[in-house]
Amino acid sequence: MAKSVTTFVCQSCGATSSKWSGRCESCGEWNTITEEKPLSQGPSKKSLGAMRGKAIPLTDLSTKEAPPPRTASTMAELDRVLGGGLVPASAVLVGGDPGIGKSTLLLQAAASFAKAGLKVIYISGEEASAQVRLRAQRLGLTDAPVKLATETSLRDILTTLDEEQPDLAIVDSIQTMWADNVDSAPGSVSQVRAAAHELTTFAKSRGSAVIMVGHVTKEGAIAGPRVVEHMVDTVLYFEGERGHQFRILRSVKNRFGPADEIGVFEMTGAGLSEVTNPSALFLSERGQPAPGSVVFSGIEGTRPVLVEFQALISPSPHSQPRRSVVGWDGSRLNMILAVLESRCGIPFAGLDVYLNVAGGMRVNEPAADLAVAAALLSAREDTGLPAETVVFGEISLSGALRPVSQTENRLKEAQKLGFSTAILPTGGKAAATQGMALTRMGDLTTFVGEVFGAG
């Protein structure tokens with residue numbers, strides 16, 4: 001009989017090794033490695049007779065079956081991120097920074113789905129029943145038909161869910177759940193993995209939807225092993241800056257809808273309110289055109305969103321100039337600065353560069369390259385772009401401007417908000433937009449020369 005191999009797993013990062021050590025070689029934490037015994041290799045003695053297993057019935061892929069029905073809530077932004085509504089027997093993982101509003105969002109979602117006719121149970125492992133009721137009272141949800149439980153024992157939770165058979169179960173949070181068959185502390189890698197596996201299995205076998213809340217690390221990733229994100233059907237991140245009232249629910253994985261879809265909310269005293277027109281909200285505080293301010297027309301999922309890039313250039317008193325970025329990729333900023341200096345002859349040596357995306361929004365797509373370059377040049381030359389101009393396009397290392405996807409949707413969103421001029425790369429599919437003046441550029445040198453008269 002083959003001998004089972006014992007593995008040692010770091011409870012901080014999930015790295016495995018064949019022997020114990022005091023310090024994890026992957027994350028550098030001390031005293032976090034524990035022994036994990038694997039499952040038995042091969043079948044048990046009971047299955048060695050005639051009962052070697054049972055046949056799995058197969059169905060024809062061409063069989064026409066109705067897709068699983070979705071349940072829409074009264075929160076249109078949440079339904080958009082979920083792909084059109086809540087799918088039965090689905091497992092959803094929601095992550096976000098502490099205090100960003102995850103519990104508030106899910107309590108409002110629980111009340112919304114309960115009013116839509118679903119049987120909802122809200123399980124809190126972090127707060128007492130009185131605290132959850134107090135939040136519900138503040139949000140005006142005391143009359144919602146939602147059942148409440150406060151428990152951390154995974155065995156008791158699964159037993160209760162098996163008896164109640166809810167349509168939706170919300171677990172807040174997965175890091176507080178404790179499985180008695182796992183010999184480690186709550187919140188460890190083993191406990192998080194076991195709890196997520198049991199809850200996901202319950203969702204698939206019983207047909208109930210399960211939403212789990214996950215804490216995040218200081219790097220912004222959901223704490224625990226990465227395998228948890230592979231287990232579930234949908235992974236959502238609740239983002240936002242503490243200094244801004246805007247909150248963004250972003251889908252990074254969705255088996256039932258488009259990924260990278262966003263829903264925009266505004267945090268108020270009465271909870272989260274939906275923002276149906278995010279572009280108008282992000283640009284609401286934009287005043288007269290100023291040097292370093294450029295409006296970018298982007299795409300988040302299937303939705304066009306207009307945001308403002310702000311740049312500031314100042315002489316640096318240090319030998320190593322600062323490069324500070326909020327809401328965009330810092331490595332991509334360094335690339336844009338290098339292209340401007342190498343291809344256009346515009347140096348930024350000895351200058352501190354600060355770049356910010358207004359409103360607490362985070363932009364990830366490379367179509368923002370040209371808008372960033374325009375903001376940097378505008379701040380450096382102390383020249384503002386016209387207020388009615390939007391900019392978008394990708395910059396290659398050769399200095400050429402590459403067309404981006406969904407150009408027509410970007411232009412329509414800009415025109416709807418009163419913009420009359422757009423600067424974009426040459427090429428790409430874009431229907432003629434009536435009343436919109438399009439200025440196409442082939443490379444960054446031409447853009448610098450025509451817009452700023454330099455280069």
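These legends go with close-up views of aromatic rings in a predicted model.

**View 1. Phe238 meets Phe265 edge-to-face.** Searching the whole structure turns up four aromatic pairs, and here's one of them. The ring centres of Phe238 and Phe265 are 6.4 Å apart, and the ring planes make an angle of 70°. Planes over 60 degrees apart count as edge-to-face, so this pair gets that label. Follow the chain and you'll see that the pair links distant parts of it: Phe238 belongs to strand S9 (residues 234-239), while Phe265 belongs to strand S11 (residues 262-268).

**View 2. Phe296 and Phe309 pair up edge-to-face.** This time the centres sit 5.9 Å apart, and with the planes at 70° the pair is edge-to-face. Again, distant parts of the chain are linked: look for Phe296 in strand S13 (residues 293-300) and Phe309 in strand S14 (residues 303-315), 13 residues apart. Phe296 and Phe309 are both buried.

**View 3. Trp328 joins a ring cluster.** Which residues make up the cluster? Ring pairs tie Phe296, Phe309 and Trp328 together.

**View 4. Arg380 lies over Phe348.** Now for a charged partner. Arg380 is found over the face of the Phe348 ring, 5.6 Å from the ring centre.

**View 5. Arg410 sits over Phe392.** Here the ring belongs to Phe392, and the charged end of Arg410 is over it. How far is that charged end from the ring's centre? The distance is 5.6 Å.

Key:
Residues numbered from 1 in each chain as written. Predicted model: local features only at pLDDT ≥ 70, side-chain atom pairs only at ≥ 80, totals over all residues. Heavy atoms only, no water. Phe/Tyr/Trp six-rings, centres within 6.5 Å; stacked < 30°, edge-to-face > 60°. Helix = DSSP H or I, 4+ residues; strand = E, 2+ residues; numbered from the N terminus. Buried < 20%, exposed > 50% of the residue type's maximum accessible area, 1.4 Å probe, protein only. Lys NZ or Arg CZ within 6 Å of the ring centre and 35° of its normal.
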